[in-house]
Amino acid sequence: MTSFKTHPALKPAQDKFFKYTWEMYAFEFKYYYDELKFQLPGGGTRKAKCRSYISGCTKDRNNQYYWFWSKAKKFYKKENRLVELDWLQSHYRRVQKCFYGQGMPEEISTILTMSVEIGHKSDLEIVPWAEKTFGVDCVGFVCAYYNALGTFDGQKYSIPKYRTTGGIAKTIKDLTYDCAVLFARPKSGGKGKWEVRPNPGNGAHIMVTDCWNEYGKSMWISESGSSKGGTCTSIYDIVDAPDTTEDDKAIWTIRRRNGGGKIKVFITREMPYWAEPVG
C-alpha cells in the first residue's frame with residue numbers, strides 16, 4: 001500500500017500548496033492550518049482557518065466523515081477516477097482522522113477540493129463548513145509536523161511513546177529545536193519518579209520546541225491547545241531544570257509567559273528519524 005504521505009491523490013495539493021522543507025520550524029508549519037489553502041475544481045484557490053482545537057471521535061464528527069466518504073467513494077467509482085477512489089478506500093482511516101483532529105494539511109485540503117467536486121458542499125458553503133469541521137489536536141499537530149519534516153514516516157498517537165522515541169533531555173545543552181514537550185505526573189508509588197500523562201484525557205498534552213528565546217531561560221514553543229483555541233506559538237520560561245541522571249526523575253518546570261501556572265514536563269532531545277507503521 002502506498003505511504004499515506006505519498007499517495008498520488010495528495011500530490012496536486014502538495015505540489016501547489018504544501019512544499020515542506022526539513023528546515024521548517026513548528027511555528028512555520030502551524031500557518032498551514034491557520035490559512036489552509038485548497039483548490040476549487042473549476043479553478044481558483046480558497047483559504048480556510050482550520051486551526052481550531054478538535055479532538056476525538058464524536059457522533060457528529062463521525063457522521064460528517066461518513067457522509068463525505070460514502071458520497072465521494074460513490075462519485076469517484078462512477079467516474080472511474082481510480083487514484084481518488086484508491087485513496088478513499090486504502091487510506092480511509094487517514095481520511096477519518098482528518099475529522100478527528102489528526103489530519104495533515106494536504107489531506108484536509110484534498111478533502112475540501114473533493115467536497116466541492118462531488119457536490120457535497122457548494123462554493124459558498126465550503127469555507128464555513130471547513131472552519132467548523134476541521135482542526136487539529138495536540139498530538140495531531142506535533143505528529144503532523146514531524147511527518148512534514150520527514151522525521152517520522154508514520155503516525156504516533158500515543159503521547160508517552162514520544163519519550164521513548166526522542167530520549168530524555170536532562171540538561172540545558174540537550175534542548176534545541178524539534179524537542180517534544182510532554183506533560184508529566186508523579187508515578188504512583190514511584191518514590192520521586194514521574195511518568196508521561198497518557199492520552200486521551202488525564203491532563204495529557206504535547207508541544208514542540210521552536211528555538212531559544214533566551215538561552216537557558218526561555219523557549220518558543222508551538223502547540224495546539226484546547227485552552228488556547230487551537231494552534232499557537234508562545235514563550236515558555238524555564239522555572240526549574242532537572243538535577244539528575246535518572247530518566248524517570250528528569251522533570252522540567254516551565255511556565256507560559258503572560259499567563260499560566262507552573263507545569264511539570266518531560267522534554268525529549270531533538271526528535272530523531274523514526275519509522276513505524278501507519279496507525
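This is a predicted model: local features need pLDDT of at least 70, side-chain atom pairs count only at pLDDT 80 or more; totals for chains, interfaces and linings use all residues.
Visitor: Which residues of α5 and α7 meet?

Guide: From α5 come Glu84, Trp87 and Leu88. From α7 come Glu107, Thr110, Ile111 and Met114. Sorted by class, this contact has four nonpolar, one polar and two charged residues.

Visitor: What makes Glu84 charged and Thr110 polar here?

Guide: The class lists decide. Glu is on the charged list, along with Asp, Lys and Arg.

Visitor: What makes α7 oblique to α8?

Guide: The angle again. The axes of α7 and helix α8 (residues 126–133) cross at roughly 140° and come within 11 Å. Roughly antiparallel needs an angle over 145 degrees, so α7 is oblique to α8. α7 passes α8 in a right-handed crossing. Leu112, Ser115 and Val116 of α7 make the contact with Ile126, Trp129 and Ala130 of α8. Those residues divide into five nonpolar, one polar and no charged.

Visitor: How do α4 and α5 pack?

Guide: Their angle is about 145°, and their axes are 9 Å apart. The crossing is left-handed. On the α4 side the contact uses Phe68, Trp69, Ala72, Lys73, Tyr76 and Lys77. On the α5 side it uses Glu84, Leu85, Leu88 and Gln89. By class there are six nonpolar, one polar and three charged residues.

Visitor: Why is Asn63 called partly exposed?

Guide: Buried means under 20% and exposed means over 50%. Asn63 has 26% relative accessibility, which falls in between, so Asn63 counts as partly exposed. Asn63 sits in helix α4 (residues 59–78). Its C-alpha atom is 9.5 Å from that of Phe99, 36 residues apart along the chain.

Visitor: How do you know that Gly225 is buried?

Guide: Gly225 has 3% relative accessibility, and the cut-off is under 20%, so Gly225 counts as buried. Gly225 lies in strand β6. Leaving aside neighbours within four places in sequence, Gly225 is in contact with Tyr53, His205 and Gly230.

Visitor: How do you know that β5 and β6 pair?

Guide: At least two bridges are needed between two strands. Five bridges join β5 to strand β6 (residues 218–225), so the two strands pair. They run antiparallel. In this pairing, Cys211 stands opposite Trp220 in β6. β5 and β6 form a hairpin, with three residues between them. Gly216 in the turn has a positive phi of about 80°.

Visitor: What joins β5 to β3?

Guide: Three bridges join strand β3 (residues 179–186) to strand β5 (residues 206–214). Two would be enough, so β3 and β5 pair. These strands also run antiparallel. Leu182 stands opposite Ile206 in β5.

Visitor: What makes the phi of Asp178 worth a mention?

Guide: Most residues other than glycine have a negative phi. Phi of Asp178 is near 65°, a positive value. Asp178 is in the loop between α10 (160–166) and β3. Its relative accessible area is 8%, under the 20% cut-off, so Asp178 is buried.

Visitor: Where is Asn258, and is Asn258 buried or exposed?

Guide: Asn258 is in the loop between β8 (252–256) and β9 (262–270). Asn258 has 80% relative accessibility, and the cut-off is over 50%, so Asn258 counts as exposed. Asn258 has a positive phi of about 65° although it is not a glycine.

Visitor: How do you know that the bond from Asn199 to Pro200 is cis?

Guide: Look at omega. For this peptide bond omega is near 5°, and the bond is cis. Most peptide bonds are trans. Pro200 is found in the loop between β4 (194–196) and β5.

Conventions. Residues are numbered from 1 along each chain as its sequence is written. Side-chain values use heavy atoms; hydrogens and water are left out. Helices (H or I, at least four residues) and strands (E, at least two) are DSSP runs, numbered from the N terminus. Contact means heavy atoms within 4.5 Å. Buried means under 20% relative accessible area, exposed over 50%, partly exposed in between (1.4 Å probe, protein chains only). Axes are lines fitted to C-alpha atoms, for helices over the stretch in contact, and angles run from 0 to 180 degrees between N-to-C directions. A crossing is left-handed if the near helix is turned anticlockwise from the far one by less than a right angle, and right-handed if clockwise. Angles under 35 degrees count as roughly parallel, over 145 as roughly antiparallel, 65 to 115 as roughly perpendicular and the rest as oblique.
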